[in-house]
Amino acid sequence: MTETTTLNVARPDDERAALLVWIKDTLRPEYGERPLKPRREPLHELISTILSQRTTHADEEAAYRELRTLGDWNAIIAAPVETVAHAIRRSNYPDSKAPRIQATLAALRDSPGGYDLNFLRALPVRDALTFLTDLPGVGIKTASLVLLFNFARPVFPVDTHVHRVTTRVGAIPKMGEQAAHRALLKLLPPDPAFLYELHVNLLRHGQRVCSWYDPKCGACVLHSRCDAHAQYGDGVPAWKG
């Protein structure tokens with residue numbers, strides 16, 4: 001990095017917003033255009049997102065399938081927590097996820113809408129986020145993902161991959177994931193299709209190229225405008241988010 005280089009993170013909001021548009025456009029040829037279509041029912045999405053934390057997609061799906069062998073949602077709530085933990089053992093940290101899933105399902109069962117989350121489509125976004133994040137074990141990432149993926153609401157889920165890539169590039173300063181949701185959404189257009197494609201392709205890029213350790217900077221289509229590459233070249237240090 002030369003002395004005259006200004007890092008992205010030091011630039012004003014409008015320039016960092018334009019950077020995010022460039023990232024979205026640059027990643028599309030690598031990972032494809034991603035149409036926004038719900039991939040599963042809202043409650044399935046909610047529970048699977050809890051299961052997905054620090055877990056591969058294949059193991060998340062396997063854990064969900066075995067969870068559903070315990071019966072309907074009421075049966076899962078009533079099952080011993082050890083039984084639920086065993087059912088979701090392909091997901092990392094099953095002993096902590098099992099009681100969270102049971103508590104979330106119980107709160108939904110006792111809510112006016114029950115297990116049907118379709119009412120979230122018509123709620124103001126702030127109210128929909130509040131409803132979901134008030135559920136035990138549901139954070140802003142999970143709530144945002146359900147609202148964007150299932151109901152095309154203008155929110156932006158920030159998982160560990162999205163957080164890592166956008167921070168390294170310099171779209172946002174170093175901050176926690178929860179704060180990153182607010183910081184990124186402030187810069188992004190309220191366009192659900194844009195937000196969905198950017199989220200999914202950033203996730204893929206974080207998995208395949210901009211990894212936790214030894215990121216593949218030489219193969220990265222973003223490296224020409226990346227703060228981390230400007231500072232460290234091909235020796236970008238391991239992520240400590």
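1. Residue R109 lies in helix α6 (residues 94-109); helices here are DSSP runs of H or I with at least four residues, numbered from the N terminus. The model is predicted, so that local features need pLDDT of at least 70 and side-chain atom pairs pLDDT 80 or more, while totals for chains, interfaces and linings use all residues. Residues are numbered from 1 along each chain, and side-chain values use heavy atoms, without hydrogens and water.

2. R109 counts as partly exposed because its relative accessibility is 38% (buried is under 20%, exposed over 50%, partly exposed in between, with a 1.4 Å probe and protein chains only). Apart from neighbours within four places in sequence, R109 contacts N74, I77, G114 and Y115, contact meaning heavy atoms within 4.5 Å.

3. In helix α7 (residues 125-133), the buried residues are A128, L129 and L132. These lie on the same side of α7, because they cover an arc of only 100° around the axis, taken from the directions from the helix axis to the C-beta atoms. They pack against α8 (140-151).

4. Helix α10 (residues 177-187) has A180, H181, A183, L184 and L187 as its buried residues. Their cover includes α1 (13-31), α8 and α9 (160-169).

5. Helix α8 also packs with α11 (residues 192-208), at an angle of about 120° and with the axes 10 Å apart. In this contact, L145, L148 and F149 of α8 meet P192, L195, Y196, H199 and V200 of α11.

Technical notes:
Helices (H or I, at least four residues) and strands (E, at least two) are DSSP runs, numbered from the N terminus. Axes are lines fitted to C-alpha atoms, for helices over the stretch in contact, and angles run from 0 to 180 degrees between N-to-C directions.
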